[in-house]
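Thanks for coming, everyone. I have one chain to walk through today. Please have the sequence and the model open.

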Amino acid sequence: LPQAAAEGWMSTRILMEVCADSVESAISAERGGACRIELCSSLVEGGITPSIGLLQLVKQYVRIPVFAMIRPRGGDFLYSDSEIEVMKADIKMVKANGADGTVFGVLTEDGSVNTEVCMDLIAESRPLSVTFHRAFDMVRDPMTSLECLISLGFERVLTSGCDSTALEGLPTIKRLVEQAKQRIIVVPGGGITERNVQRILEGSGVQEFHCSARSSRDSLMKFRNPLVSMGTSLSVPEYSVKVTDMCKIKTMLAIAKDTV
């Protein structure tokens, strides 16, 4: 390709970030054509900080960038002083173990971005890239919060448009993209599948999107105790494993390519 044509193609190429909570999922994501991995543990809780062992192994097996989730627990994004200290310590650890970026979000009790804490966490993360995760979907005022993230220096914000899924939040995502004017990358995420990815890309004008692209697989355990579950009563089935599905990723990327 001539350089100008190559640059033009690059500027319109849709990038796919896959959230993964296992080495197997990370490898499948890369093989399927994902451009980046958001690494976490416990996707059933929406993702929390991955173990250092998981990060080390994923970095050994994949070449695409790996952004580490920094989230000390499930639930809301109002953190205690000790939880914030844990987040800072985790950032130091993921940086020392090869993470290419960090992903976090902290709110105040009234639903605003906690600028003071975010500033500290960004300073701790540098020179890595920083993404504000879907804590954004819990803010009181998305447009004001977006300006706050831009002034703090976040490179990306992950959002479902403050709705239950990115498809339902599409009008808000479109408004955020227009307001961002390329000062921050708005990345839609939340329930994106091969069935709705085209509508989301066409309706928002984004250049990147985020998904898990997972399929359920039966556990390989032959002996099973049906009386015991390791989680709460609302937990996922004990003998079912969810992993990134390479075919789903390839399908979504093919749709994305046709959408451009």
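Over 50% is exposed, and anything in between is partly exposed. Keep in mind throughout that this is a predicted model.

Start with helix H6, residues 142-152. Which of its residues are buried? Pro-142, Ser-145, Leu-146, Cys-148, Leu-149, Ile-150 and Leu-152. Here is the background for reading such a list. An α-helix has 3.6 residues a turn, so residues three or four places apart point the same way.

What covers the buried residues of H6? The cover includes two helices, H5 at 115-125 and H7 at 170-180. It also includes two strands, E5 at 129-132 and E6 at 156-159.

Now the two ends of H6. At the start, Asp-141 puts a side-chain oxygen within 3.2 Å of the backbone nitrogen of Met-143. After the helix comes Gly-153, and its phi is positive, near 105°.

Next, helix H2, residues 23-32. Its buried residues are Ser-25, Ala-26, Ile-27, Ser-28, Ala-29 and Gly-32. Their cover includes strands E1 (15-20), E2 (36-39) and E10 (240-244). Helices H3 (52-61) and H9 (246-259) are also part of that cover. Just past H2 sits Gly-33, with a positive phi of about 115°.

Buried or exposed? Leu-121 is buried, because its relative accessible area is 0%. Leaving out residues up to four places away in sequence, Leu-121 touches Met-87, Lys-88, Ile-91, Phe-104 and Val-106. Gly-105 is 16 residues from Leu-121 in sequence, and their C-alpha atoms are 9.4 Å apart.

Lys-92 belongs to helix H4, residues 81-96. Its relative accessibility is 49%, so Lys-92 counts as partly exposed.

Ile-14 sits in the loop between helix H1 (3-12) and E1. With 12% relative accessibility, Ile-14 counts as buried. Cys-35 is 21 residues from Ile-14 along the chain, and 9.5 Å separates their C-alpha atoms.

Now the backbone. Most residues other than glycine have a negative phi, and most peptide bonds are trans.

Which peptide bond is cis? The one from Arg-126 to Pro-127, with omega near 10°. Pro-127 is in the loop between H5 and E5.

Then Lys-181. Its phi is positive, near 45°, and this residue is not a glycine. Lys-181 lies in the loop between H7 and strand E7, residues 185-188. Its relative accessible area is 64%, so Lys-181 is exposed.

Ala-213 is the other positive phi, about 50°, again in a residue that is not a glycine. Where does Ala-213 lie? In the loop between strand E8 (208-211) and strand E9 (214-218). Ala-213 is buried, because its relative accessible area is 6%. So Lys-181 is exposed, whereas Ala-213 is buried.

Let me step back to the whole chain. The count is nine helices and 10 strands. Why call the overall dimensions those of a compact globule? For 260 residues, such a globule would have a radius of gyration near 18 Å; the chain has 18 Å, so the two agree. Along the principal axes, the C-alpha atoms fill a box of roughly 60 × 45 × 35 Å.

How much is buried? Of the 260 residues, 47%. Now take contacts between residues at least 6 apart in sequence: 67% of them join residues at least 24 apart.

Surface and charge, to finish. The accessible surface comes to about 13,100 Å². Carbon and sulfur atoms account for 55% of that surface. The chain has 28 positive and 32 negative side chains. The centres of those two sets lie 6 Å apart.

Note on methods. Residues numbered from 1 in each chain as written. Predicted model: local features only at pLDDT ≥ 70, side-chain atom pairs only at ≥ 80, totals over all residues. Heavy atoms only, no water. Helix = DSSP H or I, 4+ residues; strand = E, 2+ residues; numbered from the N terminus. Rg over C-alpha atoms; globule rule 2.2 N^0.38 Å. Buried < 20%, exposed > 50% of the residue type's maximum accessible area, 1.4 Å probe, protein only. Contact = heavy atoms within 4.5 Å. Areas by Shrake-Rupley, 256 points an atom, 1.4 Å probe, with all protein chains shown as cover. Lys, Arg positive; Asp, Glu negative; His and termini not counted. Charge placed at Lys NZ, Arg CZ, Asp CG, Glu CD. Polar contact = N/O pair within 3.5 Å; in protein donor to acceptor, adjacent residues only side chain to side chain.
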